[in-house]
Amino acid sequence: MKRTILCLMMLLLLAMPAMADTQKPDSVQGRKKVALVLSGGGALGAAHVGALKVIEEAGLPVDMVVGTSIGSIVGSLYSVGYDSDEIATMFTTMDWSELFLDRGNPKRLTLSEREARNTYVYEREFYVRGGLDPKPGGVIRGNNIETTFEHYLQDYPDSINFLRDLPRQFACVATNLVTDSAVVLSKGSLVKSIRSSMSIPGVFTPVPMGDMVLVDGGTKNNFAADVARELGADIVIGIRFDMGVGKDKRYRTLMDVMERSIGSDITRRSKENEKYCDLVITVPVRGFSSGSFTHGAIKTLMEKGEEAAREKIDDIKKLKELAGASPDKDYTLHLRQIENLKVIEEDPHKLIDRYEPNAMMASLGVRYDTEDVAAVQFRGRYFMPGNLKNELDLTLRLGLRSKIRLGFDIQPWDFKKMGVSYEFWTNIHQEFFNKGKKSDCLSYIYQHANLKLFSLDAMNFDCEVGLGWEHYHVFNGLWNEKSTIDFPANENYFNYHVRLRYNNEDSQYFPRRGMRAEARYEYYTDNLAQWKGHSGFSSLMAMYQVTLPITATTHLRPRVQGRLLFGKDLPVMKHNAVGGSTFGKFFSHQLPMAGLGHFEYLDNNFVSASLRLQQRIVGPHYILLDGSVAEHNDEISDIFKRKVLWGLQLAYYYNSAVLGPLGASIGWNSYTHRVNVYVSLGFDF
């Protein structure tokens, strides 16, 4: 008898996994299983969210979701327990441009790496001389996508069964490049699965998974209603998009031809799969594309999805009755809310060491402004193999100010470097002003060699001690009656310098919290000991600013700054250059001042204080109001005896995650008594 009972218990234990696999989450015993099929389409997937809202209102139970590409993203969120309102909040508040970049978490980057990240529109690693690329085959690696959805899908481990372990059953479709066939993903890592399903070939890097190499499932099965039937669905509702591609289109552009030729087979397969559906909700999305990720487009697409579903509300209610659903039960899960998600804190001291032997980091930057006109900058960094972490750095800038910079660094210890660099600049049209009126226009060459004796580049702090050589050569100059500056043909000097910086702001351009400070001391000579036969001259520059939150969208940023010069026979190019909106615009020691659009040479001792009101209007739109006061004098003891200089500036900016800040400003100052307008498009470099 005991042996019989023991055998029965063993059989029961062996049968439990199989029983679990056949469970129907969110089902009532005896009710038919309802599946929702969500097609791929990039930004068009916002329409799925609007349709979900109507399905919830109708009280139709959803037991399973099968998604492809963007449909897998919406489907996974719905399957873990977010309702349509929560998903709509994600779609409208998410920075989609930032999502598709690979810039990584800035909290884990050193200060110099973080600043470089906010300079270039595109950055990508390449591997040479036998270096193995862990994510080949795509322009975008998808790092930010994985990080974002790890946050939204947290609490689910990397090895689960989507048909058993989620509140709703879930599966998504990807394409296996090895076999050139569709693959249904229903177990493993939820994040990796949806990342695979939406990896557009050639755009996103493929995702290796076992023996498979996976890309976007839309290339093989963009509307996987057949998969829902195979997984045991009794009732299938599908949501598709109608892009209005038909005979009335002229196909005059390359994009029109590519869209039609590539999409033909996908559309044909999707049409065939409609036979597996009990109801197809077709959302008209003409005028939108898979790349319509703007805030307005996302909102409109959700509205279109809702409208299309409401037109089918009677059919939805009939299917609810056919499924045997209770008329009084709320089948919406309401299990997860964005505001209740845990904040995943990474170790702030766990910095990323970007060094990987035989890797090359390529970066591209573009910008336009009314002073410097158009500029393009390319940077390539090669991490050399060897026991020491050696890095070769090449930067090329093209514009009115063009440069080439070559650097070589040795990193004997983590984040501590020594190195040497050389820069060659040509400036073919540098304008100088005297109280707002153009007085000089120079074309010159600037050379700078720097020996980095020691540097420390940490999370929010860096310092450098070094020796430098600088040379200016003016090869063409125009002067007028307003000129008060005597530019020599050549200026040549050596400097000893030390620089300290601290920056824990959460954004380089529009911070909401944090502080930034810098101090720099330089001692100049012409023979490493003296300057023109006497003691060398020196400069001391310091700046401190802090961002103070007033409300969630309003911030104040007070700043104090100054630069003091000591010594005799100061060279022209080292005079105090003040003006513009950014530090170091034309000279490394240039200090900005509100209302002064160009730079002016002021006296040897300069100090200023400014206050910025930063108001975020909606999304990435900002209004900035700046005010500055300043004092300057050749004698430091008399610096506050002159009339105070002041300026005001009003600006609007759109903070594009891809291209950088795009905007314009208008200002006025008491020094020139002139109104200036400045347009700036892109990251500063």
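Trainee: Among contacts in the protein chain between residues at least 6 apart in sequence, what share joins residues at least 24 apart?

Mentor: Contact means heavy atoms within 4.5 Å. Here, 64% of those contacts join residues at least 24 apart.

Trainee: What should I know about the source of the model?

Mentor: This is a predicted model: local features need pLDDT of at least 70, side-chain atom pairs count only at pLDDT 80 or more, and totals for chains, interfaces and linings use all residues. Residues are numbered from 1 along each chain as its sequence is written, and side-chain values use heavy atoms, with hydrogens and water left out.

Trainee: How many helices and strands does the protein chain have?

Mentor: Both are DSSP runs, numbered from the N terminus: helices are H or I with at least four residues, strands are E with at least two. The count is 12 helices and 31 strands.

Trainee: How many of the 685 residues count as buried?

Mentor: Buried means under 20% relative accessible area, exposed over 50%, and partly exposed in between (1.4 Å probe, protein chains only). In this chain, 50% of the 685 residues count as buried. The chain exposes about 32200 Å². Carbon and sulfur atoms supply 59% of that area. The areas come from the Shrake-Rupley method with a 1.4 Å probe, and for residues only the protein chains shown count as cover.

Trainee: How many residues are in the largest nonpolar core?

Mentor: In soluble globular proteins, nonpolar side chains tend to be buried together. A nonpolar core is a set of buried Ala, Val, Leu, Ile, Met, Phe, Trp, Tyr and Cys residues joined through side-chain atoms within 4.5 Å. The largest one has 69 residues, and Leu-77, Phe-91 and Phe-149 have the most contacts inside it. Helix α2 (residues 46-58) gives the most to this core, eight residues. Apart from that core lies another, of 22 residues, among them Leu-442, Tyr-444, Ala-577 and Tyr-601.

Trainee: What does Leu-77 touch?

Mentor: Set aside residues up to four places away in sequence. Leu-77 then touches Tyr-82, Ile-87, Met-90, Phe-149, Tyr-152 and Leu-153.

Trainee: How much space lies in the second largest pocket?

Mentor: On a 1 Å grid over the protein atoms alone, a pocket is an open set of points where a 1.4 Å probe fits, with protein on both sides within 12 Å along at least five of seven lines; lining residues have an atom within 4 Å of a point. Grid points are joined across faces, edges and corners, and the volume is the space filled by probe spheres set on them. Here it is about 420 Å³. Of the 25 lining residues, Thr-370, Glu-371, Glu-431, Phe-433 and His-598 are the closest to the centre. Two elements give two or more residues to the lining: β18 (416-434) and β31 (675-681). The largest share, five residues, comes from β18.

Trainee: How do the residues of that lining divide?

Mentor: Nine are nonpolar, 11 polar and five charged. Asp, Glu, Lys and Arg count as charged; Ala, Val, Leu, Ile, Met, Phe, Trp, Tyr, Cys and Pro as nonpolar; the others, Gly among them, as polar.

Trainee: Is Lys-403 buried or exposed?

Mentor: Lys-403 is buried, at a relative accessible area of 14%. This lysine sits in strand β17 (residues 401-413). Beyond its neighbours within four places in sequence, Lys-403 contacts Gln-377, Thr-395, Leu-396, Arg-397, Glu-423, Phe-424 and Trp-425. Its C-alpha is 6.9 Å from that of Glu-423, 20 residues apart along the chain.

Trainee: Where is Glu-125?

Mentor: Glu-125 is in strand β3 (residues 122-127). It is partly exposed, at 21%. Leaving out residues up to four places away in sequence, Glu-125 touches Arg-141, Met-360 and Met-361. Glu-125 and Arg-381 are 256 residues apart in sequence, yet 9.2 Å apart C-alpha to C-alpha.

Trainee: Which strand holds Gly-468?

Mentor: Gly-468 is in strand β20 (residues 461-479). Its relative accessible area is 2%, so it is buried. Ala-449 is 19 residues away in sequence and 5.6 Å away, C-alpha to C-alpha.

Trainee: What phi does Ser-69 have?

Mentor: Ser-69 has a positive phi of about 60°, although it is not a glycine. Ser-69 lies in the loop between β2 (64-68) and α3, and is buried at 8%. Val-373 also has a positive phi, about 55°. This valine is in strand β15 (residues 373-384) and is partly exposed at 38%.
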